[in-house]
Amino acid sequence: MAFKRVSQTLLPPRRWALKGYYGDGKSTFILAMQQPTLMIDADGRRHELKGNELYELSGEAADHRSVERIQDLLDANMPGSDIRTIAIDSVTSLIGVSIARAMLDNAADRNKNKNQAWVDKAEKMRLLQDAVTAHGTHVLWIWHLEDGQLNGKPQIRETLPETERERLYRSLNVSLRIVREEDRRGVLVEWSREGPSGMTIWDEEGHWKGVPERIEAALYGQEDGTGPTPFNAPADKRSGSGREDGAESGAKGELSFYSPAEALAWGVEQGAYPDAEAAQAAYDQLKVERGPRNAREMYRAWIELVQKPQRRRA
(Lines give C-alpha, C1' and ligand atoms only; values in the text may rest on other atoms or scores of the structure.)
Protein backbone atom coordinates (compact mmCIF):
# COMPACT_ATOMS: atom_id res chain seq x y z
CA MET A 1 0.00 0.00 0.00
CA ALA A 2 1.33 3.44 -0.95
CA PHE A 3 -0.23 5.11 2.07
CA LYS A 4 1.57 5.30 5.41
CA ARG A 5 -0.14 4.17 8.60
CA VAL A 6 -0.79 6.97 11.09
CA SER A 7 1.53 6.60 14.08
CA GLN A 8 -0.26 5.92 17.34
CA THR A 9 2.48 7.75 19.25
CA LEU A 10 2.56 10.88 17.12
CA LEU A 11 1.77 14.03 19.04
CA PRO A 12 -0.78 16.41 17.53
CA PRO A 13 0.59 19.69 16.16
CA ARG A 14 0.70 22.57 18.58
CA ARG A 15 -2.40 24.44 17.52
CA TRP A 16 -2.38 26.63 20.61
CA ALA A 17 -4.01 29.84 21.79
CA LEU A 18 -2.13 32.01 24.30
CA LYS A 19 -3.59 34.99 26.13
CA GLY A 20 -2.30 37.26 28.86
CA TYR A 21 -1.84 40.84 30.00
CA TYR A 22 0.55 43.28 28.38
CA GLY A 23 4.06 42.55 29.61
CA ASP A 24 3.30 38.96 30.65
CA GLY A 25 5.67 37.53 28.04
CA LYS A 26 3.27 36.38 25.34
CA SER A 27 5.60 37.39 22.51
CA THR A 28 8.60 35.86 24.29
CA PHE A 29 6.72 32.55 24.37
CA ILE A 30 7.06 32.50 20.57
CA LEU A 31 10.81 31.91 20.95
CA ALA A 32 10.16 28.81 23.09
CA MET A 33 8.11 27.18 20.34
CA GLN A 34 9.74 24.91 17.78
CA GLN A 35 12.01 26.88 15.46
CA PRO A 36 12.29 28.28 12.84
CA THR A 37 9.22 30.42 13.53
CA LEU A 38 7.41 32.68 11.09
CA MET A 39 5.84 35.67 12.83
CA ILE A 40 2.73 37.39 11.56
CA ASP A 41 3.23 40.62 13.46
CA ALA A 42 -0.05 42.52 13.47
CA ASP A 43 1.00 44.36 16.65
CA GLY A 44 4.22 45.69 15.07
CA ARG A 45 6.53 44.34 17.78
CA ARG A 46 8.61 41.71 15.97
CA HIS A 47 11.78 43.80 16.17
CA GLU A 48 11.66 43.58 19.98
CA LEU A 49 12.26 39.82 19.88
CA LYS A 50 15.80 38.48 19.52
CA GLY A 51 15.88 35.05 17.94
CA ASN A 52 18.21 33.68 15.29
CA GLU A 53 15.47 31.50 13.84
CA LEU A 54 12.69 34.07 13.85
CA TYR A 55 11.42 35.05 10.40
CA GLU A 56 8.99 37.77 9.35
CA LEU A 57 6.13 37.34 6.92
CA SER A 58 7.02 40.52 5.06
CA GLY A 59 9.02 43.71 5.42
CA GLU A 60 5.83 45.68 4.75
CA ALA A 61 3.87 46.39 7.92
CA ALA A 62 0.57 46.46 6.04
CA ASP A 63 1.04 42.85 4.91
CA HIS A 64 0.89 41.71 8.53
CA ARG A 65 -2.59 43.22 8.95
CA SER A 66 -4.24 42.04 5.74
CA VAL A 67 -5.78 38.57 5.83
CA GLU A 68 -5.69 38.41 2.03
CA ARG A 69 -1.99 39.29 1.87
CA ILE A 70 -1.20 36.79 4.62
CA GLN A 71 -2.82 34.01 2.62
CA ASP A 72 -1.04 35.01 -0.58
CA LEU A 73 2.39 35.22 1.06
CA LEU A 74 1.98 31.95 2.93
CA ASP A 75 0.80 30.09 -0.18
CA ALA A 76 3.71 31.48 -2.18
CA ASN A 77 6.52 30.95 0.32
CA MET A 78 5.66 28.18 2.77
CA PRO A 79 6.02 25.15 0.44
CA GLY A 80 9.57 23.87 0.74
CA SER A 81 10.43 26.13 3.68
CA ASP A 82 11.75 24.83 7.00
CA ILE A 83 9.27 26.83 9.08
CA ARG A 84 8.08 24.79 12.06
CA THR A 85 5.79 27.31 13.78
CA ILE A 86 3.56 30.16 12.60
CA ALA A 87 2.80 32.75 15.31
CA ILE A 88 0.01 35.33 14.99
CA ASP A 89 0.76 38.23 17.35
CA SER A 90 -1.89 39.27 17.81
CA VAL A 91 -5.07 38.04 16.21
CA THR A 92 -6.87 40.92 17.96
CA SER A 93 -5.16 43.48 15.75
CA LEU A 94 -6.12 41.54 12.63
CA ILE A 95 -9.77 40.88 13.40
CA GLY A 96 -10.32 43.89 15.65
CA VAL A 97 -9.91 46.24 12.70
CA SER A 98 -12.82 44.53 10.91
CA ILE A 99 -14.97 44.69 14.04
CA ALA A 100 -14.29 48.37 14.69
CA ARG A 101 -14.87 49.30 11.05
CA ALA A 102 -18.14 47.38 10.92
CA MET A 103 -19.40 49.08 14.08
CA LEU A 104 -18.44 52.56 12.88
CA ASP A 105 -19.89 52.08 9.40
CA ASN A 106 -23.14 50.67 10.76
CA ALA A 107 -23.45 53.49 13.30
CA ALA A 108 -22.93 56.06 10.53
CA ASP A 109 -25.41 54.26 8.21
CA ARG A 110 -22.69 53.74 5.60
CA ASN A 111 -23.73 50.11 5.12
CA LYS A 112 -26.98 49.45 3.30
CA ASN A 113 -26.92 45.89 4.63
CA LYS A 114 -25.69 46.14 8.22
CA ASN A 115 -25.63 42.37 8.67
CA GLN A 116 -23.21 41.96 5.78
CA ALA A 117 -20.45 43.71 7.72
CA TRP A 118 -20.55 40.97 10.36
CA VAL A 119 -20.68 38.25 7.72
CA ASP A 120 -17.55 39.78 6.13
CA LYS A 121 -15.83 39.71 9.52
CA ALA A 122 -16.64 36.04 9.95
CA GLU A 123 -15.29 35.27 6.48
CA LYS A 124 -12.01 37.02 7.30
CA MET A 125 -11.63 34.89 10.41
CA ARG A 126 -12.32 31.73 8.45
CA LEU A 127 -9.86 32.71 5.73
CA LEU A 128 -7.17 33.51 8.30
CA GLN A 129 -7.62 30.16 10.05
CA ASP A 130 -7.45 28.21 6.81
CA ALA A 131 -4.42 30.17 5.59
CA VAL A 132 -2.23 29.50 8.64
CA THR A 133 -3.28 25.88 9.29
CA ALA A 134 -2.93 24.70 5.69
CA HIS A 135 0.83 24.11 5.84
CA GLY A 136 1.10 21.50 8.59
CA THR A 137 3.12 23.59 11.05
CA HIS A 138 2.55 24.39 14.68
CA VAL A 139 0.42 27.52 15.11
CA LEU A 140 0.36 29.92 18.06
CA TRP A 141 -2.56 32.38 18.24
CA ILE A 142 -2.01 35.28 20.66
CA TRP A 143 -4.42 37.83 22.09
CA HIS A 144 -4.61 40.06 25.15
CA LEU A 145 -6.32 40.34 28.52
CA GLU A 146 -7.37 43.70 29.96
CA ASP A 147 -8.93 44.86 33.22
CA GLY A 148 -12.36 46.37 32.86
CA GLN A 149 -15.70 46.85 34.59
CA LEU A 150 -19.20 45.52 34.02
CA ASN A 151 -22.07 47.12 35.94
CA GLY A 152 -19.54 48.66 38.30
CA LYS A 153 -17.82 45.35 39.04
CA PRO A 154 -14.23 44.58 37.98
CA GLN A 155 -13.81 41.93 35.31
CA ILE A 156 -11.14 40.54 33.01
CA ARG A 157 -11.82 41.29 29.37
CA GLU A 158 -10.42 39.30 26.44
CA THR A 159 -9.63 41.49 23.45
CA LEU A 160 -10.77 38.80 21.01
CA PRO A 161 -14.60 38.71 21.08
CA GLU A 162 -16.35 35.53 22.17
CA THR A 163 -17.82 34.87 18.73
CA GLU A 164 -14.34 34.91 17.19
CA ARG A 165 -12.98 32.67 19.94
CA GLU A 166 -15.74 30.18 19.25
CA ARG A 167 -14.85 30.18 15.56
CA LEU A 168 -11.18 29.72 16.39
CA TYR A 169 -11.79 26.61 18.48
CA ARG A 170 -12.16 24.47 15.36
CA SER A 171 -8.47 25.16 14.65
CA LEU A 172 -7.21 24.69 18.23
CA ASN A 173 -6.29 21.76 20.39
CA VAL A 174 -5.11 23.71 23.46
CA SER A 175 -6.02 27.07 25.03
CA LEU A 176 -3.48 28.63 27.43
CA ARG A 177 -3.54 31.63 29.75
CA ILE A 178 -0.52 33.23 31.41
CA VAL A 179 -0.89 33.41 35.18
CA ARG A 180 1.26 34.90 37.94
CA GLU A 181 1.84 33.92 41.55
CA GLU A 182 4.03 36.30 43.53
CA ASP A 183 7.33 36.43 41.63
CA ARG A 184 6.76 33.55 39.21
CA ARG A 185 4.71 33.07 36.08
CA GLY A 186 3.29 30.09 34.29
CA VAL A 187 0.64 28.98 31.83
CA LEU A 188 -2.73 27.59 32.83
CA VAL A 189 -4.12 24.96 30.49
CA GLU A 190 -7.70 26.22 30.26
CA TRP A 191 -8.86 23.68 27.70
CA SER A 192 -7.42 20.71 25.82
CA ARG A 193 -9.07 18.75 23.05
CA GLU A 194 -7.36 15.43 23.78
CA GLY A 195 -5.84 15.66 27.23
CA PRO A 196 -6.57 16.89 30.76
CA SER A 197 -6.90 20.57 31.60
CA GLY A 198 -6.79 22.85 34.62
CA MET A 199 -3.09 22.37 35.42
CA THR A 200 -0.50 25.16 35.56
CA ILE A 201 2.97 24.72 34.05
CA TRP A 202 5.40 27.12 35.75
CA ASP A 203 8.23 28.89 33.94
CA GLU A 204 10.98 27.51 36.15
CA GLU A 205 14.01 28.28 33.94
CA GLY A 206 12.91 31.65 32.60
CA HIS A 207 12.10 32.80 29.07
CA TRP A 208 9.60 29.92 28.85
CA LYS A 209 12.46 27.51 28.17
CA GLY A 210 11.13 23.96 27.93
CA VAL A 211 7.58 25.00 28.85
CA PRO A 212 5.94 23.89 25.55
CA GLU A 213 7.50 20.44 25.97
CA ARG A 214 6.32 20.25 29.58
CA ILE A 215 2.81 21.21 28.47
CA GLU A 216 2.84 18.29 26.03
CA ALA A 217 4.17 15.96 28.74
CA ALA A 218 1.30 16.96 31.03
CA LEU A 219 -1.28 16.57 28.27
CA TYR A 220 -0.13 13.41 26.55
CA GLY A 221 1.61 11.39 29.25
CA GLN A 222 5.30 11.85 28.40
CA GLU A 223 6.29 11.49 32.03
CA ASP A 224 9.82 10.23 31.41
CA GLY A 225 10.54 12.67 28.58
CA THR A 226 11.63 9.85 26.26
CA GLY A 227 8.91 10.39 23.70
CA PRO A 228 5.19 10.59 23.16
CA THR A 229 2.77 7.96 24.38
CA PRO A 230 -0.88 7.56 23.37
CA PHE A 231 -3.34 9.51 25.46
CA ASN A 232 -7.08 8.91 25.09
CA ALA A 233 -9.42 11.26 26.86
CA PRO A 234 -12.87 12.75 26.18
CA ALA A 235 -12.53 15.52 23.63
CA ASP A 236 -14.14 18.93 23.52
CA LYS A 237 -14.44 19.51 27.28
CA ARG A 238 -13.43 23.14 27.62
CA SER A 239 -12.48 23.12 31.27
CA GLY A 240 -11.62 26.49 32.67
CA SER A 241 -13.79 28.37 30.19
CA GLY A 242 -17.05 27.50 31.95
CA ARG A 243 -18.59 25.66 29.01
CA GLU A 244 -18.36 22.53 26.96
CA ASP A 245 -18.39 22.37 23.16
CA GLY A 246 -20.61 25.14 21.86
CA ALA A 247 -22.16 27.98 23.85
CA GLU A 248 -24.00 27.42 27.09
CA SER A 249 -26.27 29.97 28.69
CA GLY A 250 -25.20 31.38 32.02
CA ALA A 251 -21.57 30.30 31.69
CA LYS A 252 -18.68 32.60 32.40
CA GLY A 253 -17.33 33.84 29.06
CA GLU A 254 -20.50 32.69 27.27
CA LEU A 255 -21.12 33.37 23.62
CA SER A 256 -22.46 36.89 23.19
CA PHE A 257 -22.63 39.69 20.65
CA TYR A 258 -21.68 43.32 20.21
CA SER A 259 -25.09 44.23 18.84
CA PRO A 260 -28.39 42.77 17.55
CA ALA A 261 -26.99 43.07 14.01
CA GLU A 262 -24.15 40.72 14.88
CA ALA A 263 -26.60 38.33 16.59
CA LEU A 264 -28.71 38.24 13.42
CA ALA A 265 -25.68 37.66 11.21
CA TRP A 266 -24.62 34.79 13.48
CA GLY A 267 -28.08 33.21 13.14
CA VAL A 268 -27.81 33.30 9.34
CA GLU A 269 -24.24 32.04 9.49
CA GLN A 270 -25.33 29.03 11.57
CA GLY A 271 -27.78 28.06 8.82
CA ALA A 272 -30.85 28.60 11.00
CA TYR A 273 -32.31 31.26 8.66
CA PRO A 274 -31.99 31.80 4.92
CA ASP A 275 -31.38 35.55 5.11
CA ALA A 276 -31.25 38.57 7.39
CA GLU A 277 -34.93 39.39 6.92
CA ALA A 278 -36.03 35.96 8.17
CA ALA A 279 -33.63 36.20 11.10
CA GLN A 280 -34.93 39.68 12.00
CA ALA A 281 -38.53 38.45 12.01
CA ALA A 282 -37.67 35.54 14.30
CA TYR A 283 -35.60 37.80 16.56
CA ASP A 284 -38.44 40.32 16.93
CA GLN A 285 -40.96 37.56 17.67
CA LEU A 286 -38.67 36.03 20.26
CA LYS A 287 -38.23 39.40 21.95
CA VAL A 288 -42.01 39.79 22.32
CA GLU A 289 -42.44 36.22 23.59
CA ARG A 290 -39.60 36.23 26.13
CA GLY A 291 -39.65 39.87 27.25
CA PRO A 292 -35.94 39.90 28.20
CA ARG A 293 -34.83 42.32 30.91
CA ASN A 294 -31.56 43.15 29.19
CA ALA A 295 -29.41 42.42 26.13
CA ARG A 296 -27.66 39.46 27.74
CA GLU A 297 -30.97 37.67 28.39
CA MET A 298 -32.04 38.39 24.82
CA TYR A 299 -28.83 36.99 23.38
CA ARG A 300 -29.13 33.86 25.53
CA ALA A 301 -32.66 33.28 24.27
CA TRP A 302 -31.54 33.89 20.68
CA ILE A 303 -28.68 31.40 20.95
CA GLU A 304 -31.06 28.82 22.40
CA LEU A 305 -33.54 29.36 19.55
CA VAL A 306 -30.94 29.22 16.78
CA GLN A 307 -29.39 26.04 18.16
CA LYS A 308 -32.68 24.14 18.50
CA PRO A 309 -32.62 21.47 15.74
CA GLN A 310 -36.41 21.57 15.25
CA ARG A 311 -36.28 25.31 14.57
CA ARG A 312 -33.43 25.22 12.03
CA ARG A 313 -34.22 25.47 8.36
CA ALA A 314 -32.28 25.82 5.10
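## Overall fold

Residues 24 or more positions apart account for 60% of the protein chain's contacts with a separation of 6 or more, a contact being heavy atoms within 4.5 Å. This is a predicted model, in which local features need pLDDT of at least 70 and side-chain atom pairs count only at pLDDT 80 or more, while totals for chains, interfaces and linings use all residues. Residues are numbered from 1 along each chain as its sequence is written, and side-chain values use heavy atoms, with hydrogens and water left out.

The protein chain has 9 helices and 9 strands. Both are DSSP runs numbered from the N terminus: helices are H or I with at least four residues, strands E with at least two. Of the 314 residues, 45% count as buried. Buried stands for under 20% relative accessible area and exposed for over 50%, with partly exposed in between (1.4 Å probe, protein chains only). The chain exposes about 16,500 Å², and carbon and sulfur atoms supply 48% of that area. Accessible areas come from the Shrake-Rupley method with a 1.4 Å probe; for residues, only the protein chains shown count as cover.

## Ile88 in strand E4

Ile88 belongs to strand E4. With a relative accessibility of 0%, Ile88 counts as buried. Apart from neighbours within four places in sequence, Ile88 is in contact with Ile40, Leu94, Val132, Val139, Leu140, Trp141 and Ile142. The C-alpha atoms of Ile88 and Leu128 are separated by 10.0 Å, and the two residues are 40 residues apart along the chain.

## Cis peptide bonds

Asp89 and Ser90 are joined by a cis peptide bond, with omega about 0°. Ser90 is in the loop between strand E4 (85-89) and helix H3 (91-107).

Gln35 and Pro36 are also joined by a cis peptide bond, with omega about 0°. Pro36 is in the loop between helix H1 (26-30) and strand E2 (37-40).

## Positive phi in a loop

His207 is not a glycine, yet its phi is positive, at about 60°. This residue sits in the loop between strand E9 (200-202) and helix H6 (211-220). His207 is exposed, with a relative accessible area of 64%.

Trp208 lies in the loop between E9 and H6. Its phi is near 60°, a positive value in a residue other than glycine. Trp208 has 0% relative accessibility and counts as buried.

## Helix H7

Helix H7 (residues 260-269) has 7 of its 10 residues buried, so it is largely enclosed by the rest of the structure. The buried residues are Ala261, Glu262, Ala263, Leu264, Ala265, Trp266 and Gly267. Just after H7, Gly271 has a positive phi of about 85°.

## Packing of H8 and H9

Two packed helices are described by the angle between their axes and the distance between the axes. Helix H8 (residues 276-290) packs against helix H9 (residues 295-306) at an angle of about 120°, with the axes 10 Å apart. Axes are lines fitted to C-alpha atoms, for helices over the stretch in contact, and angles run from 0 to 180 degrees between N-to-C directions. H8 is therefore oblique to H9; angles under 35 degrees count as roughly parallel, over 145 as roughly antiparallel, 65 to 115 as roughly perpendicular and the rest as oblique.

From H8, the contact is made by Ala279, Ala282, Tyr283, Leu286, Lys287 and Arg290, and from H9 by Met298, Tyr299, Ala301, Trp302, Glu304 and Leu305.
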